[in-house]
Amino acid sequence: MEYRRLGKSGLQVSALSFGSWVTFGSQVNDSVAEECMKLAYDNGVNFFDNAEAYASGKSEIVMGNILKKMQWNRSTYVVSSKVYWGGKLPNQIGLSRKHVFEACHNSLRRMQLEYLDLFFCHRPDKNTPMEETVRVMHDLVTQGKILYWGTSEWSAQEIMEAHAVARQYHLTPPTMEQPQYNLFCRDRVEVEYSKLYRDIGLGTTIWSPLASGLLTGKYMDASPQETRLHKQGMEWLKDAILGEQNAWKHEKVKRLKVLCDQLSISLSNFSIAWVLKNPNVSTAILGASNSHQLKETLTSIDVVSKLTPEIMERVDGIMENKPKHPVY
């Protein structure tokens with residue numbers, strides 16, 4: 001396993017990490033979740049990603065029970081949670097001081113931890129003043145409840161606003177951002193954030209390196225019924241991957257598959273390795289519904305060195321001339 005600094009911080013995170021979105025507390029049973037976490041840890045993964053919204057908190061309970069059972073030394077792993085969607089009532093959603101404070105303590109209780117290594121603002125909140133959110137995150141840091149805080153799917157302008165507030169009031173600024181990044185979704189990470197890596201040392205914890213399974217090739221000629229696309233609440237994802245309007249994506253995947261076959265590399269491993277090739281990626285979060293899937297994708301770290309400038313240029317040639325709108 002390779003380890004990378006989380007932006008300009010001193011924290012070292014494994015280049016491949018493991019997340020529980022969709023799977024823990026929902027798609028897989030607890031024994032499979034435990035098997036996957038242990039496999040990841042035994043292969044050098046030291047960052048495990050979660051959120052209050054995942055399975056309405058059940059995901060954090062499952063992960064917390066596994067961490068307690070494994071009894072790994074706390075210094076050997078990094079755990080995250082995210083705050084925004086905690087329920088349906090007014091003060092159970094957003095980034096108000098009340099909700100951020102309560103969400104943090106609820107996550108700690110569910111995961112049976114004394115502190116979170118990383119705590120993300122899961123989305124920007126237009127209804128809460130930036131100063132209020134930055135202050136409560138700073139307070140949680142000074143209280144020892146979290147070590148680093150960051151954002152997820154914030155614009156570069158919003159991240160810089162948070163930094164400006166932190167500088168003005170001598171508060172703790174955000175350290176990292178968790179954006180989507182894959183062969184179909186590139187602009188934010190490669191273009192919009194480009195100055196932030198240099199100017200503020202932004203770290204990134206990438207989600208959906210496989211575009212929610214699109215870059216595994218399993219949707220090229222079929223629509224498997226057991227995938228997340230057919231789960232309740234995932235209609236938005238189904239609309240982004242299936243249907244005639246997405247035919248261009250599947251044509252790109254087929255062309256990528258031809259290239260991967262020539263290189264004797266699986267499409268999944270190739271796509272994850274492509275993400276890791278970007279030096280501004282601190283870690284790419286893997287998901288898996290079984291240990292066999294995870295065992296394969298964990299080997300994608302070995303593929304990075306095979307992506308020569310020539311291969312990267314061929315990939316850009318395949319992906320060019322796509323529609324301007326993003327995957328999601």
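Colleague: What should the 14 residues of α5 span at 1.5 Å a residue?
Modeller: Helices here are DSSP runs of H or I at least four residues long, strands are runs of E of at least two, and both are numbered from the N terminus. The expected span of a helix is 1.5 Å times one less than its number of residues. In α5 the end C-alpha atoms are 20 Å apart, which agrees with the span its 14 residues should have, 20 Å.

Colleague: Before we go on, what pLDDT do local features need in this predicted model?
Modeller: Residues are numbered from 1 along each chain as its sequence is written, and side-chain values use heavy atoms, leaving out hydrogens and water. Since you are looking at a predicted model, totals for chains, interfaces and linings use all residues, side-chain atom pairs count only at pLDDT 80 or more, and local features need a pLDDT of at least 70.

Colleague: Back to α5, then: which of its residues are buried?
Modeller: Buried means under 20% relative accessible area, exposed means over 50%, and partly exposed is in between, with a 1.4 Å probe and protein chains only. The cover over the buried residues of α5 includes α4 (130-142), β7, β8 (176-177), α6 (187-192) and α7 (194-199). The residues under that cover are Ala156, Glu158, Ile159, Ala162, His163, Val165 and Ala166.

Colleague: Which residue with a positive phi follows α5?
Modeller: Most residues other than glycine have a negative phi. Here the phi is positive, near 55°, and the residue that follows α5 is histidine 170.

Colleague: And at the other end, is serine 155 buried or exposed?
Modeller: Serine 155 sits in the loop between β7 (146-151) and α5 (156-169). Contact means heavy atoms within 4.5 Å, and apart from neighbours within four places in sequence, serine 155 is in contact with Arg188, Glu192 and Tyr193. Its relative accessible area is 17%, so serine 155 is buried.

Colleague: Let's move to α2. How far apart are its end C-alpha atoms?
Modeller: At 1.5 Å a residue, the 13 residues of α2 should span 18 Å. The model agrees with that, because its end C-alpha atoms are separated by 18 Å.

Colleague: What do the buried residues of α2 pack against?
Modeller: The buried residues of α2 are Ser59, Glu60, Val62, Met63, Gly64, Ile66, Leu67 and Met70. They pack against α1, β4, β5 (78-83) and α3.

Colleague: How is α1 oriented relative to α2?
Modeller: Axes are lines fitted to C-alpha atoms, for helices over the stretch in contact, and angles run from 0 to 180 degrees between N-to-C directions. The axes of α1 (residues 30-42) and α2 (residues 58-70) come within 10 Å and cross at roughly 60°. Angles under 35 degrees count as roughly parallel, over 145 as roughly antiparallel, 65 to 115 as roughly perpendicular and the rest as oblique. That makes α1, relative to α2, oblique.

Colleague: How many residues in the contact of α1 with α2 are charged?
Modeller: Asp30, Ala33, Glu34, Met37 and Lys38 in α1 meet Val62, Met63, Ile66, Leu67, Lys69 and Met70 in α2. Ala, Val, Leu, Ile, Met, Phe, Trp, Tyr, Cys and Pro count as nonpolar, Asp, Glu, Lys and Arg as charged, and the others, Gly among them, as polar. On that basis the contact has seven nonpolar residues and no polar ones, and the charged residues number four.

Colleague: Does alanine 55 count as buried, partly exposed or exposed?
Modeller: Alanine 55 is in the loop between β4 (47-49) and α2, and its phi is positive, near 50°. Its relative accessibility is 26%, so alanine 55 counts as partly exposed.

Colleague: What is the relative accessibility of leucine 298?
Modeller: Leucine 298 lies in the loop between α11 (291-297) and α12 (309-319). Not counting residues up to four places away in sequence, leucine 298 touches Leu16, Leu39, Ala40, Asn43, Val45 and Leu286. Leucine 298 counts as buried because its relative accessibility is 8%.
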